[in-house]
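I opened my notebook to look through a structure that was new to me. I wrote down each thing as I looked it up.

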Amino acid sequence: MAEPILEVRDLVKHYPLTQGILFRKQIGAVRAVDGVDFALGRGETLGIVGESGCGKSTVAKMLVNLERPTGGSIRYKGEDITRLSGRALKAVRRNIQMVFQDPYTSLNPRMTVGDIIGEPYDIHPEVAPKGDRRRKVQELLDVVGLNPEYVNRYPHQFSGGQRQRIGIARGLALRPEVIVADEPVSALDVSVQAQVVNLMDRLQSEFGLAYVFIAHDLSIVRHISDRVAVMYLGRIVETGTDTEIYEHPTHPYTQALLSAVPVPDPEAREHRERIILTGDVPSPTNIPSGCRFRTRCWKARGTDAETGRWRSTATGRWTDAETGRWRSTATGRGDMAAPRPVYGTRTAVR
Amino acid sequence: MLLEVRDLHVEFRTRDGIARAVNGVSYGVDAGETLAVLGESGSGKSVTAQAVMGILDIPPGRITGGEVIFQGRDLLKLKEEERRRVRGAEMAMIFQDALSSLNPVISVGDQLAEMFTVHRGMSRKDARAKAVELMDRVRIPAARERVRQYPHQFSGGMRQRIMIAMALALEPALIIADEPTTALDVTVQAQVMELLAELQRELRMGLILITHDLGVVADVADRIAVMYAGRIVESAPVHDIYKAPAHPYTRGLLDSIPRLDQKGQELYAIKGLPPSLTHIPPGCAFHPRCPLARDVCRTDEPPLYEVSATRGSACHFWRECLNG
């Protein structure tokens, strides 16, 4: 990986649950994000996949400082942004921008497109002097493939795909180095999704952007990502390059998640191995002891042992599964015809 | 044929003029068969289903033509009371958003039991027992305890199971499922689709699955009808369509799915946007976005050409499209 621009270590976000009006006491916590580590290289795309409630959006919010972490660090070029405030924070925020999921609610209906895209310049006037703004906004519209003459129109005059382009233009306005995109295409029609994915791809090479691309659509994540992290109940359970994750998943959850994705090929219907997980994701207020996936895992044994976390020193890939569990898969004793996990030289990191 | 929709037309009055949501749709489903109706938002796939079910909002909606033949009767000619007897008992619908389709202030048990007290005239006690049985059948754990709970106490997947239970309650001959798993996560989607397919096999129901997900369709459908701007543009057995689409719109949808060998390349994208239903382009509605479009496409609306005995395509140049 290129030199990391963003480094996340042991990131935690707990929302306290309280009881009582006069004497509030904490009776528990929603452990939305519960120890997440990853690094993002310059110009790289990291895909984060996981089901609803796994904490992927909370991670996104912490990256752009919309939420303050309960613990851990987020280093941007070596500087921990969770401890910054005032002017220093403002400077960092300029470089990490966000594109939101829903282009219908993330644009103010009473502002013109020009005002929406130009608003970041009110906060960071050093990027575009006042007289220059209109031209800059029109340039941005052009960059994202919208007619520059539309600056005076309102969001409702655009379709979903066009609105998402406006959201992307706003994200680009301050020339950031990192864009955090939280489900940027999932609200769009199928035929329009490809247009927006292509646009994001093109902008990445044009401006050297690094993306954190969060989505639940695994095929789109694979297409756009260099590396993928799979989240479950507030933790990354497996990470690797896109090929590693999709071709050789080593964590049972990743295997189940991939096998559940419907394949657009009716010929595959008869001879595909499908792992149907039973039950629902446990509540993040009450995370299972030991491996947090054990309540739905078909390989779980009756132990409550804390999971080992293993790192392949060769690829920087690690998985959260207890070693014994996937070793049985590797030796063919597993109860599923799973792709064989690839082993590197592993050293335990925790 | 269990259900046959013939040349259905539906319009809506809107501030911007008349929106022609459904423009001559015909399709059929047999008992035990799964028909997938594939389309983007605004393609008319849900409106067609609502017209079949008889739950279209009239006004602003208006059925301006066509027939819906179900078990030999034209449903559109029935009186409202007669339709009510058909609805729920002989055909039932599953909606996308289970939370807003269930009544939040009535326990799920009572909502399920209502099917039996209203349609079958059962006593409340018997109906409650039936409700527990149904919840067991859709594999809701601890049904006996959970029957007293309210919709908000269930997870999304469990709520969708309750919707399925409700639809199956009276063992209808036809189920219409409108995006039943769109709001669910993939692992839960797999559970729900498997359950639905299993129950369908068991009861030999006809199933109309309305969706925009090409993956789900490939998994469960026998036949596909692809809709665009209120018309069926292609209709074919599932294997044929994925092997070689006979309409440029279908081809575009299939090509825009990210594939392994395209990693790092630009995805194929259908250019432009779906048309507004108040201003559907003349000729073939897809022509402004179509790579094969020629002059004739701008003026002449293509009929559903017969590609084979089981297959139709509404493209003047379907042969060209079929050959890639």
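Which residues of chain B does UniProt list for "domain: ABC transporter"? I looked up the record, an unreviewed entry, and it gives residues 5-254 of chain B. I kept in mind that this model is predicted.

**Entry: the listed span in chain B.** I checked the ends of residues 5-254 of chain B. Their C-alpha atoms lie 26 Å apart. I also looked up the make-up of this span, which is 41% helix and 27% strand.

**Entry: a strand in chain B.** I turned to strand β6 of chain B, residues 91-94. Is this strand covered on its faces, or open? I found both faces covered. B:Met91 and B:Met93 sit on one side, B:Ala92 and B:Ile94 on the other, and all four are buried. Next I asked how β6(B) pairs with strand β7 (residues 174-178) of chain B. The pairing is parallel and runs over four bridges. I noted one partner in β7(B): B:Ile94 is bridged to B:Ala177.

**Entry: chain A as a whole.** I moved to chain A. I counted ten helices and 13 strands there. The chain has 350 residues, and 56% of them count as buried. I then looked at contacts in chain A with a separation of 6 or more, and 65% of these join residues 24 or more positions apart. The accessible surface of chain A comes to about 15,100 Å². Carbon and sulfur atoms hold 49% of that surface.

**Entry: the cores.** How many residues does the largest nonpolar core have? I read 64. A:Ile168, A:Leu172 and A:Leu203 have the most contacts inside this core. Helix α6 of chain A, residues 190-207, gives the most to this core, with six residues. I also noted a second, separate core of 61 residues, and B:Ala49, B:Met227, B:Val238 and B:Leu254 are among its members. In soluble globular proteins, nonpolar side chains tend to be buried together.

I then listed the neighbours of A:Ile168, leaving out residues up to four places away in sequence. A:Ile168 touches A:Val99, A:Val144, A:Val196, A:Leu199, A:Met200 and A:Leu203.

**Entry: a glycine in a loop.** I found A:Gly55 in the loop between β3 (45-49) and α1 (56-63) of chain A. Is A:Gly55 buried or exposed? A:Gly55 counts as buried because its relative accessible area is 7%, and the cut-off for buried is under 20%. Leaving out residues up to four places away in sequence, A:Gly55 touches A:Ala32, A:Val33 and A:Met231. Last, I checked A:Gly55 against A:Val127, 72 residues apart along the chain, and their C-alpha atoms are separated by 33 Å.

Notes:
Residues are numbered from 1 along each chain as its sequence is written. Chains are lettered from A and ligands numbered from 1 in the order in which they are written. This is a predicted model: local features need pLDDT of at least 70, side-chain atom pairs count only at pLDDT 80 or more; totals for chains, interfaces and linings use all residues. Side-chain values use heavy atoms; hydrogens and water are left out. A nonpolar core is a set of buried Ala, Val, Leu, Ile, Met, Phe, Trp, Tyr and Cys residues joined through side-chain atoms within 4.5 Å. Buried means under 20% relative accessible area, exposed over 50%, partly exposed in between (1.4 Å probe, protein chains only). Helices (H or I, at least four residues) and strands (E, at least two) are DSSP runs, numbered from the N terminus. Contact means heavy atoms within 4.5 Å. UniProt positions are given in the numbering used here, feature names are shortened, and annotations may be inferred rather than shown by experiment. Accessible areas come from the Shrake-Rupley method with a 1.4 Å probe; for residues, only the protein chains shown count as cover. Two strands pair if DSSP finds at least two bridges between them.
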